[in-house]
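Here is a short tour to read with the model open beside you. Take the topics in any order you like.

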Protein chains: 2
Amino acid sequence: MRQSQTLLPTLKETPAGADIKSHQLLLRAGFIRQTASGVYSFLPLGKKVLTKVEAIVREEMENAGAVEMLMPALQPSELWKETNRWDNFGPELMRLHDRHHREFALGATHEEVITDLIRSEINSYKKLPLTLYQIQTKFRDEKRPRFGLLRGREFVMKDAYSFHTNDESLDEVYDRLFTAYSNIFKRCGLNFRAVIADSGAMGGKDTHEFMVLSEVGEDTIAYSDSSDYAANIEMAPVIDRYEDTKQTEIDELALVSTPNQKTMVEVASFLNRPLDQGIKSLLFKIDEEFVLVLTRGDHDVNDIKLKHIYQAVEVELATEEEAKNLLGASVGSLGPVNVKNVEVIADYSVKSIVDGYCGANEDDKHYINVQPERDLVISKYEDIRFIKEGDLSPDGNGIIKFAKGIEVGHVFKLGKVYTEKMGANYLDEFGKSQVMTMGCYGIGVSRTLAAIVEQYNDENGITWPSAVAPYQIHMLTMQSNKEEQVELAEQIYTTLKENQIDVLYDDRKERPGVKFADSDLIGIPVRLTIGKKANEGIIECKIRATGEQFDIHISELLGRLQEVL
Amino acid sequence: MRQSQTLLPTLKETPAGADIKSHQLLLRAGFIRQTASGVYSFLPLGKKVLTKVEAIVREEMENAGAVEMLMPALQPSELWKETNRWDNFGPELMRLHDRHHREFALGATHEEVITDLIRSEINSYKKLPLTLYQIQTKFRDEKRPRFGLLRGREFVMKDAYSFHTNDESLDEVYDRLFTAYSNIFKRCGLNFRAVIADSGAMGGKDTHEFMVLSEVGEDTIAYSDSSDYAANIEMAPVIDRYEDTKQTEIDELALVSTPNQKTMVEVASFLNRPLDQGIKSLLFKIDEEFVLVLTRGDHDVNDIKLKHIYQAVEVELATEEEAKNLLGASVGSLGPVNVKNVEVIADYSVKSIVDGYCGANEDDKHYINVQPERDLVISKYEDIRFIKEGDLSPDGNGIIKFAKGIEVGHVFKLGKVYTEKMGANYLDEFGKSQVMTMGCYGIGVSRTLAAIVEQYNDENGITWPSAVAPYQIHMLTMQSNKEEQVELAEQIYTTLKENQIDVLYDDRKERPGVKFADSDLIGIPVRLTIGKKANEGIIECKIRATGEQFDIHISELLGRLQEVL
């Protein structure tokens, strides 16, 4: 492609409002432009990368046995009402009506449409399992679109759906797509982790998020420093390794005054005791039932774990008023001693606290010398707290570290959540009607593009990995008015095209400095510069990522490029 | 692809509401399914064909120097208001608002979005011309969606836009894309015509529609039987070949009674005179001015031509009341004799009428013995009528015939219609600000798919041309419980895949009759049947389009298939 014939508007300055590297660089290097908040045009270079990522996705999906199709963006509201998502999806679902006042959703996801199709077309176990996918534009009206392609309102997604007669079949396809996803993100050059995630309110089974490690990620991952264990921190279990301490021969429980000391840190400091001897007592409302939840003072309650323990839909902290009514004190002075009207549960770590302290259910008062086994009535010990950096990895291998991640993929064993609601049934080998089992699998294709840029950039611009670079070669002449340079460039341009090597040729009448800066910004892996040595047939080659430079003679060009690419 | 692993739901019966071949067959053969009125899912086979058509479009567009990009479907209303199309596009434009009550259009076309982008990014003549295209889902809320993919509300379109400093540059790109379009539709195997079309209210210059000849087409094409001339009948000029008759030595004008004779045919019959001696007189309102328009009795007024003659926005027939007020008679008795308060214009053919008859501006009265040159005051003679079958072709070669056409493509020299309204300016070589000139070019990709099926089918199903067939080969076993048949099939399946030959393998446990019927319905060009001669290594080959059948030995399979494909 000749640069004079395409739209490649580079910018010297970082555009206002672009806070992260990928957003800044994709704008500056002329890959995208904003049409409206969270809505982007992919300019020719951006579209090129998108197409390359899509090709990788297609190849790996087909290898995994998934079959491509294409569903519409316009989705009748009736389908969304069948799963209650017309109401539950909230304002993120964009809605419109047609000229006959019929309501439609703009596809944010396609579980309803595909399940509707499958219940009409598949009626026998003989036609299952079946895995279908599409690459399609999706719409979600994000409250605060930001970070360019990372959180947009219109974006390109690969979504896949599988249908099964049983869980084993779902497990098998899930594993196959898990592998496909790993291959896809590897081929895109990404440093990522497959992370155990929360199946959430949907009530499905296994689910993993594929997270690209990045400081701008909105999720926190707990991962092992020695194994491939990784989980969303909400999901990581804590392995009990607390000592089984003896709680004998110690002082009696005693009430002390702690005026205006509300947080654990304040109380610890006031009492001059270690934070990890404190017993943090939080009153929760779990699906309308109150529960007093105890953790160690240096730990935090993980409400997702509470949700799972109680199989609850809603978990929230009790209000100041509810605390007062129930336990007689404000939330800063709550504690488990002598509590009888509320269930008390505790994290495993609480059990081994010796000589602890906790709120006394009396404002500005705390108990000291608390021995949980002696002084408290705890209905059960559970894993309730958030994992911390330095904890043992839940798989027993290594120590937990934290990282931020950008979610680029998601695989999910939905089970029968949708198929039951929508009546997607089949006849089994005995002619009996059964509900199908389902999985769904998403990849944010345009988001992946941005995630790649987050991991591949330096102070001069983008450093595309070869597999997804918009072009393989960026060629430029130092002086576009020197005939011998232009002639050699044209010769090389023709040769490369004949050999199916994707080349961008900067044929503009610009100063070399402008061309070099643009080339670094755009970040094509290999740059060929045709300068003063053109009459000797010598071209300067520069590897964008490493900065390595060397001369190539025209006679050996193809061979050397093959080595380099 | 193994048929057991894909979604390919064939139907024996023609679904209700599918009135034309392509709609019926695409449903029956499992290529598409309706999600809502005018909204379709492309099932795996449909998506395959779509991808093949898209690949042809891409290749030819790139060859023509167009560069691919991707614009969003969500388009801010502000842009559409700049061109007045927010109001003028009517209910076909789907609209919605986001959670912040900002209005958006769902892209029906992208002139506004691209012009907005170009005015921001292109400021110098050095960066022009520029031709960009995208393949994207479009939305139009058709009043009566019908004919399956031919008139849908959500459809795949290729749209391209070119920007220029002058008309010569636009002409050049227009010609190049005209050629690209011809190549695309040829490669799709279509029998089509590039048809001169009406540039309409948009006020552009040249425009051609690419029409696939088909009885179900909604447009009528006038084409020459001896040249490649073709035009929308609204646009075809009529070449004057009327005799210059002498209108002397004939009878005086005479008033006759014609009770209840209103139409030309009724009057001709009542007076017992030839229809082509009648002078049809219609009162039109052209942008609020009244004009009495005369044609020969056997001709029809072409109001598009009137619009062009008067450069008018609106042309409509006067009402009964307006006719009475202005000329004193009802519309069935209007005529040009002694008319002074209204301009009278006539088609060239009227000039040579001898001994004619016309309305007398008195109810139930007509004049006879009318000699236009003697009796009428005609302000001008113009080409006003619709061309007819049998007329001379406007290019002078051959005779005009009519055909129905499906519009699959459209190229349009927009000129400065959008660029002026939206201020898309550039600085010329003298530093002076100039308005860009623009062209736009569309292809209905999903509609093309349906048009192909309209031209390629027989009583048993579709007969895909090879270039766009979902697969090259359809292979099946007669008895899927015979080991030697399955083994041979598996062997061939592997061989074909290794040789990049796209094969669909019907591995279902169905009766041969079912498999054959499905295979004919789906319409893959070559069928390989593995039956009783499997143990001899012999496969039956059938060419879908011709019905030709012959045996192939496994040893010569690849060679023979290469001949056939």
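The notes below go from the whole chain to the interface, and then to some local details.

This is a predicted model, so please read what follows with that in mind.

**Chain A as a whole**

- The C-alpha trace of chain A spans about 95 × 65 × 45 Å along its principal axes.
- Chain A has 565 residues, and 57% of them are buried.
- Among the contacts in chain A with a separation of 6 or more, 69% are made by residues 24 or more positions apart.

**Where chain A meets chain B**

- About 4,600 Å² is buried between chain B and chain A, with carbon and sulfur atoms giving 65% of that area.
- Six salt bridges are counted between chain B and chain A.
- E68(A) and K47(B) form a salt bridge, and their closest N and O atoms are 3.8 Å apart.

**Strand β30 and its partners in chain B**

- Strand β30 of chain B covers residues 538–543, and five of its six residues are buried, so the rest of the structure largely encloses this strand.
- Strand β29 (residues 526–530) of chain B runs antiparallel to β30(B), and four bridges join the two.
- In that pairing, V526(B) stands opposite I543(B).
- Strand β31 (residues 549–553) of chain B is also antiparallel to β30(B), with five bridges between them.
- Here I538(B) stands opposite H553(B).
- The hairpin of β30(B) and β31(B) has five residues between the strands, and G547(B) takes a positive phi near 85° in it.

**Helix α8 of chain A**

- Helix α8 of chain A runs over residues 303–310, and I304(A), K305(A) and L306(A) are buried in it.
- The cover over the buried residues of α8(A) includes the chain A strands β14 (279–286), β15 (289–296), β16 (315–317) and β17 (343–347).
- At the start of α8(A), a side-chain oxygen of N302(A) comes to within 2.9 Å of the backbone nitrogen of I304(A).
- After α8(A) comes Q311(A), which has a positive phi near 45°.

**Backbone details worth a look**

- As background, most residues other than glycine have a negative phi, and most peptide bonds are trans.
- L128(A) and P129(A) are joined by a cis peptide bond, with omega about 0°; P129(A) is found in the loop between α5 (111–121) and β7 (130–139) of chain A.
- In chain B, a cis peptide bond joins L128(B) and P129(B), with omega about 0°, and P129(B) has its place in the loop between α5 (111–121) and β7 (130–139) of chain B.
- D364(A) is not a glycine, yet its phi is positive at about 60°. D364(A) sits in the loop between β18 (356–359) and β19 (365–370) of chain A and is partly exposed, with a relative accessible area of 26%.
- E288(B), a residue other than glycine, has a positive phi near 80°. The loop that holds E288(B) lies between β14 (279–286) and β15 (289–296) of chain B, and E288(B) is exposed, with a relative accessible area of 60%.

Technical notes: Residues are numbered from 1 along each chain as its sequence is written. Chains are lettered from A and ligands numbered from 1 in the order in which they are written. This is a predicted model: local features need pLDDT of at least 70, side-chain atom pairs count only at pLDDT 80 or more; totals for chains, interfaces and linings use all residues. Side-chain values use heavy atoms; hydrogens and water are left out. Buried area is the accessible area (1.4 Å probe) that two parts lose on being put together, summed over both. A salt bridge is a side-chain nitrogen of Lys or Arg within 4 Å of a carboxyl oxygen of Asp or Glu. Buried means under 20% relative accessible area, exposed over 50%, partly exposed in between (1.4 Å probe, protein chains only). Two strands pair if DSSP finds at least two bridges between them. Contact means heavy atoms within 4.5 Å. A polar contact is a pair of N or O atoms within 3.5 Å; within protein, one must be able to donate a hydrogen and the other to accept it, and residues adjacent in sequence count only if both atoms are side-chain atoms.
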